[in-house]
Amino acid sequence: MNWKELISEERFGDKKKKSDAPIRSEFEVDFDRIIFSQPFRRLQDKTQVFPLPEQDFVHTRLTHSLEVSSVGRSLGKNVGAEIINRNPDFKNITAFDFGAITGAASLAHDVGNPPFGHSGEEAISDFFKSNPKSNKIKNEVSDAEWSDLINFEGNAQGFRLLIRNNLQGLNITKATLGAFTKYPRPSLVSSRDKIRKSQKKYGFFQSENAEFESLAETLNLQSLSDSEKIWCRHPLAFLVEAADDICYNIIDLEDSFGLGLVSYQEAEGFLANILQERFMPEKLTAIPGEKEKIGVLRAVTIQKLVQQVTETFLENESEILSGKFDRALTNNIPASDALDEIGKFSVERIYRCRPVLEKEAAGFEVISGLLESFVEAVFLKFYSKDSYSHRHESMYRLLPDYTKYKLEEKENTVYESMLYVTDFISGLTDSTAISIFRTIKGITFQGNRRG
């Protein structure tokens, strides 16, 4: 792979002539499109780890995404400055382009996630796997399409949102799409290399198969298989992944301290373990308040991790471009053991605490209930009309106008129709999902009330 092809300003279906001296780069346009989009805005009411409480210091997916973008932009600019220094023949590519691509891809990294965090992904998958009402769907789709439905993946849903050149899509540049895609393979493959980090999950649905193949061709991503559509990552995807790893490890620790799940001494100890010689406890004595002290330690820790990730990427640039390097950068930095300790601690003390488990349980109930009602209504309306009742019609009418438009504008396959339903469900905020669930189950009713 080579950087000149990887830093592509091309967009799907975009024939507009580019300005010779644009005020904004194409990659800055990506960032602006994402930050003003509905899918991004909805992250404000989507759980990161902890259920959305009254305390203002706990992160939502929106604040998490903004912080990941900030770290990603710094990583991209750091790396880009040195790559350009190593390649003086580069024309019209700047360190700011590297930063803008990585920052935009990092900003978008969670836009495809459904309500209730990762339990929302599992709830969608489990519905198609286990609910008896999904059996008739399985008979109407291919094995590859069924694999998409029973292994719902927020990364693939995000890719679907980002490539669309319509009212519901963002159509960002191919460079940013490449950096966004951590798992450049479809859901169903005959075999996968479990050692390669990029094969852990998948990054696009069958519905976007052709688009990803075109993307890979434009960017000249290395193919990993002669018989299947599996590619190496875009190099900047490693930086997006590292920015996410840094933020969720450090910020989840800070949030758990703010909620009283972790003591000050424990939080300080974990961050000091990363900082090593840069940890100066005597300076903390001048800072009033434990939250403020943890905030300062968090900032200095992220700064050090950004430096270590930058150095590791540049040391491995040749292997990354050849496709041989396929590991998380944070697993190869000097602080990797310290980050692993935080990760193990978080699983035991944070991700298994009662509020988080309650949120997961609620998410399963809500999303399963919504899917059961809307999937049945859509399937019967279009593919089994004899069983379509007034109750199903009432449910169908509750779908957004845009979803109904997509379902009705042409004759869709069952697979395509199911994706329109999961588009709707995965795009809901936590609050809206709960509200619709309570309404259709008759738990609450917003109509007129007589005294």
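User: In this predicted model, is N171 buried or exposed?

Analyst: A residue counts as buried when its relative accessible area is under 20%, and N171 has a relative accessible area of 4%, so N171 is buried. N171 lies in the loop between helix 9 (154–163) and helix 10 (174–180).

User: Which value does phi take at F116, and where is F116 placed?

Analyst: Phi of F116 is near 70°, which is again a positive value in a residue other than glycine. F116 belongs to the loop between helix 5 (95–107) and helix 6 (118–130), and F116 is buried, with a relative accessible area of 4%.

User: Why is helix 8 described as largely enclosed by the rest of the structure?

Analyst: The reasoning goes through a count of buried residues: seven of the eight residues of helix 8 (residues 143–150) are buried, so this helix is largely enclosed by the rest of the structure. Among those buried residues are E145, W146 and D148. The buried residues of helix 8 pack against helix 6, helix 7 (135–138) and helix 21.

User: How should I read the way helix 20 and helix 21 are arranged, and at what angle do their axes cross?

Analyst: Two packed helices are described by the angle between their axes and the distance between the axes. The axes of helix 20 (residues 401–408) and helix 21 (residues 414–427) come within 10 Å and cross at roughly 170°. Angles over 145 degrees count as roughly antiparallel, and helix 20 and helix 21 are therefore roughly antiparallel to each other. Where they meet, T403, K406 and L407 belong to helix 20, while S417, Y420 and F424 belong to helix 21.

User: How many residues does the largest nonpolar core have?

Analyst: The largest nonpolar core has 81 residues, and those with the most contacts inside it are W3, I34, L162 and F313. Helix 12 (residues 235–258) gives the largest share of this core, with 12 residues.

User: How many aromatic pairs does a search of the whole structure find?

Analyst: The search finds 18 aromatic pairs. One of these is formed by F127 and F128, an edge-to-face pair with 5.1 Å from centre to centre and 80° between the planes. F127 is buried, with a relative accessible area of 3%, and F128 also counts as buried, at 0% relative accessibility. Elsewhere, ring pairs link F159, F204, F212 and W231 into a cluster.

User: Which ring does the charged end of R233 sit over, and which ring does the charged end of K381 sit over?

Analyst: The charged end of R233 sits over the ring of Y183, 5.8 Å from the ring's centre. For K381, the charged end sits over the ring of Y396, 4.8 Å from the centre of that ring.

Terms used
Residues numbered from 1 in each chain as written. Predicted model: local features only at pLDDT ≥ 70, side-chain atom pairs only at ≥ 80, totals over all residues. Heavy atoms only, no water. Core = buried A, V, L, I, M, F, W, Y, C linked by side-chain atoms within 4.5 Å. Buried < 20%, exposed > 50% of the residue type's maximum accessible area, 1.4 Å probe, protein only. Helix = DSSP H or I, 4+ residues; strand = E, 2+ residues; numbered from the N terminus. Phe/Tyr/Trp six-rings, centres within 6.5 Å; stacked < 30°, edge-to-face > 60°. Lys NZ or Arg CZ within 6 Å of the ring centre and 35° of its normal. Axes fitted to C-alpha atoms, helices over the stretch in contact; angles between N-to-C directions. Parallel < 35°, antiparallel > 145°, perpendicular 65-115°, else oblique. Contact = heavy atoms within 4.5 Å.
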